[in-house]
Amino acid sequence: MRKTVLTITIYFLPTAVLSSVGILILVFQRAGFDIVFGVLVLIFSITVLSGGIVLQGTLSAQARRARLQTDFVAKVSHELRTPLASIRMFVDTLKAGGAESEEEAKMCLDVISTETSRLTSMIERLLSWGRMEAGRRVYDKRPELAATLVGEALAQLETQLKSSDVEVEVDIQDEPLGVLADRDAMDETLLNLLSNAGTSGAEEGQGAVTVRVRKGKSPKRVLIEVQDDGPGIPRKEQRQVFERFYRGTLALNAQVKGSGLGLAMARHVVRAHKGRIRLRSERDEGTRFTIDLPALPKGVSTMEVPPG
């Protein structure tokens, strides 16, 4: 569609204007033609100028997208190379008989298993993003308790958060709050937000992460908040954090691993659930992400699964 508009703007409109000038020259052979000719020349100039601006904007956007994709390929290649190198090293160690005991052999196998899982997770994320971009991701939405979704995500990250000395505080309203959600998709989203929050807090030493589940200002909305006490996100970067392949300067400076897809995928999932995801962050005061979802209508039951 953009190419069609661009072609019309740059090629067809100037051609039409020039053709009109030629016709008018033949038809109006008097002084009044000068006025018409001047107007048409002015329109032609504006058309060419507009076409140039549109072309420049399009080329700039394409160049930026190409740079992002190039950076993304470089980052992903690096991220894939690290687990592959570890797997190959420990496989070579086992093949050469370098493990002197069963314990050392088991340690090698544990590392191979861990790195394989990490590699699989990265590939699955890339494939999932590809499906999202192509509009082929199908969401199996069912009535769920928001507290259950949060509890399951926290349970999966329990070991990681403890190893990072991150304290987790959970604040959930006593009233059951239900949403219509694809459990796997929301699990991915919450895992991403919680993992980011834990990493951000750990950068400052012993960090803290707060997770809240509460009603929105409207009783028809349910809010899930994930807040950390990390360094915060610079204001100039806050509009970009949800863009694909984007990674903030703080993450790059701290050499935090990632592909820059997590928040873009989170926004895609939340929008697919007819919700919104908001960001609030201040320098040295932490960051809070809020997932705002439609509440279940009254009378729709949820499966009572204990959180965590």
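This is a predicted model: local features need pLDDT of at least 70, side-chain atom pairs count only at pLDDT 80 or more; totals for chains, interfaces and linings use all residues.
Residues are numbered from 1 along each chain as its sequence is written, and side-chain values use heavy atoms, with hydrogens and water left out.

Next I checked the pairing. β2 and β4 (residues 208-215) run parallel and are joined by six bridges. Strands count as paired if DSSP finds at least two bridges between them. Helices (H or I, at least four residues) and strands (E, at least two) are DSSP runs, numbered from the N terminus.

I then traced the whole sheet. It is open, has five strands in the order β2-β4-β5-β7-β6, and its pairing is mixed. β2 (167-172) and β6 (276-281) stand at the edges with a single partner strand each, so one side of each has no neighbour in the sheet. On average, neighbouring strands are turned by 15° against each other, direction ignored.

I looked for helices on the sheet. Helix α4 (residues 146-163) lies across β2, β4 and β5 (221-228), at about 175° to β4. Helix α7 (residues 262-272) packs on the sheet, touches β6 and β7 (287-294), and makes about 135° with β6 in direction. Axes are lines fitted to C-alpha atoms, for helices over the stretch in contact; angles run from 0 to 180 degrees between N-to-C directions. Contact means heavy atoms within 4.5 Å.

Last, I looked up Glu115 in helix α3 (residues 102-134). Glu115 is buried, at 14% relative accessible area (buried is under 20%, exposed over 50%, partly exposed in between; 1.4 Å probe, protein chains only). Leaving out residues up to four places away in sequence, Glu115 touches Pro83, Ser86 and Ile87.
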